[in-house]
Amino acid sequence: MAKKRSDDDLDMTTSFADMNVDGFRWYNPKAKKQSDMKKVKMKVTRKEYWAMVRGAFAAIAPFILISVVVFSLVFLLAYFWIK
């Protein structure tokens, strides 16, 4: 059975885009330009920073490896086809 939604489940405070756009009825030119995310200052230690860098490389590594393998296969096929 599906769970019934209550008003408490609906999040009305989270915004994903700034809706204060020139031309809309509710446009307010004096509104704050800073979002809530800009207010948060995160202190990242050196160890955490390098852990994030290693994680980024680990996420990108399979795509780079696949690209190198495909390029090598195409190069070898072209080499043997021309030969």
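The protein has two helices and zero strands, where helices (H or I, at least four residues) and strands (E, at least two) are DSSP runs numbered from the N terminus. The model is a predicted one, in which local features need pLDDT of at least 70 and side-chain atom pairs count only at pLDDT 80 or more, while totals for chains, interfaces and linings use all residues. Residues are numbered from 1 along each chain as its sequence is written, and side-chain values use heavy atoms, with hydrogens and water left out.

Helix H2 covers residues 46-82. Its 37 residues should span 54 Å at 1.5 Å a residue, and the end C-alpha atoms of H2 are 52 Å apart, which agrees; the expected span is 1.5 Å times one less than the number of residues. Within H2, a kink of about 35° lies at Ile60, shortly before the proline Pro62, the bend at a residue being the angle between axes fitted to the seven residues ending there and the seven starting there.

The protein exposes about 9,100 Å², of which carbon and sulfur atoms supply 66%; accessible areas come from the Shrake-Rupley method with a 1.4 Å probe, and for residues only the protein chains shown count as cover.

Met42, Val44, Tyr49, Trp50 and Met52 make a nonpolar surface patch of about 570 Å². Patches are made of residues with over 30% relative accessible area and no salt bridge, with like charges joined within 9 Å and nonpolar side chains (Val, Leu, Ile, Met, Phe, Trp, Tyr) within 5 Å; a salt bridge is a side-chain nitrogen of Lys or Arg within 4 Å of a carboxyl oxygen of Asp or Glu. Met52, which lies in H2, is partly exposed at a relative accessible area of 49%.

A search of the whole structure finds two aromatic pairs. The rings of Tyr49 and Trp50 have centres 5.2 Å apart and planes at 80°, so this pair is edge-to-face. Rings of Phe, Tyr and Trp (its six-membered ring) pair if their centres lie within 6.5 Å, and planes under 30 degrees apart count as stacked, over 60 as edge-to-face and the rest as tilted. Tyr79 and Phe80 also form an edge-to-face pair, at 5.4 Å centre to centre and 65° between the planes. Tyr79 is partly exposed at 44% relative accessibility, whereas Phe80, at 55%, counts as exposed.

Key. Buried < 20%, exposed > 50% of the residue type's maximum accessible area, 1.4 Å probe, protein only.
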